[in-house]
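This briefing concerns charged side-chain pairs and the parts of the chain that they connect. Please consult the sequence and structure shown here alongside the points that follow.

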Amino acid sequence: MVNLELRLPPPLIFLLCAGTMWWLRGEGQPGVWVMVLMAALFVAGAIMGFGALQRFRHHQTTVSPTKPQHTSHLVTCGVYRLSRNPMYLGLLCWLLAWGCYLGGIWVWLGPIMLVVWLTRFQIMPEERLLRARFGDEYARYCLRVRRWC
């Protein structure tokens, strides 16, 4: 059996989910309030995702989701005070915004698929590596900050 942990980059999973949502989309155009919600989700996703990237670059640690073993610094400041996985949370916000735009009940399978995949095949393996590398410091961080939000 193929081990899928840390194999597929999260942006690829995001694009696969977004494409699936397009295929499952409903009919009609979103109303004004749905567009406002969509915009808010998009902005929130951008703040989380780009804020996380900025923190990683500031601390000069890897941003490669398929090579978390190259992490040189445990980042716990900025958006990492709100979520242990703000980059993934940003992708989720963008998928939720996309779902608002597309409409229909079945599009919501996309965000569910993203959360399930990322939790099982990305986040849990990353957490094992971070716990091994940073020990008690990472354990204390996990007690303070939730996995998603």
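A salt bridge is counted where a side-chain nitrogen of Lys or Arg lies within 4 Å of a carboxyl oxygen of Asp or Glu. The model is predicted, and a search of the whole structure finds 4 salt bridges.

**Pairs formed by Glu127**

- Glu127 and Arg147 meet through their side chains in a salt bridge, at 2.6 Å from N to O.
- Because Glu127 belongs to helix H4 and Arg147 to the segment after H4, this pair ties together parts that are 20 residues apart in sequence.
- Glu127 also forms a salt bridge with Arg84, with an N to O distance of 2.7 Å.
- Arg84 is located in the loop between helix H2 (32-58) and helix H3 (86-102), whereas Glu127 is in helix H4, so the pair ties together parts that are 43 residues apart in sequence.
- Glu127 is buried, at 7% relative accessible area, and Arg84 is buried at 14%, while Arg147 is partly exposed at 27%.

**Pairs around Glu5**

- The closest N and O atoms of the salt bridge between Glu5 and Arg128 are 2.6 Å apart.
- Glu5 lies in the segment before helix H1 (10-23) and Arg128 in helix H4 (residues 109-144); the pair therefore ties together parts that are 123 residues apart in sequence.
- A network of salt bridges links Glu5, Arg120 and Arg128.
- Glu5 counts as buried, with 17% relative accessibility, whereas Arg128 is partly exposed, with a relative accessible area of 45%.

Key
Residues numbered from 1 in each chain as written. Predicted model: local features only at pLDDT ≥ 70, side-chain atom pairs only at ≥ 80, totals over all residues. Heavy atoms only, no water. Helix = DSSP H or I, 4+ residues; strand = E, 2+ residues; numbered from the N terminus. Buried < 20%, exposed > 50% of the residue type's maximum accessible area, 1.4 Å probe, protein only.
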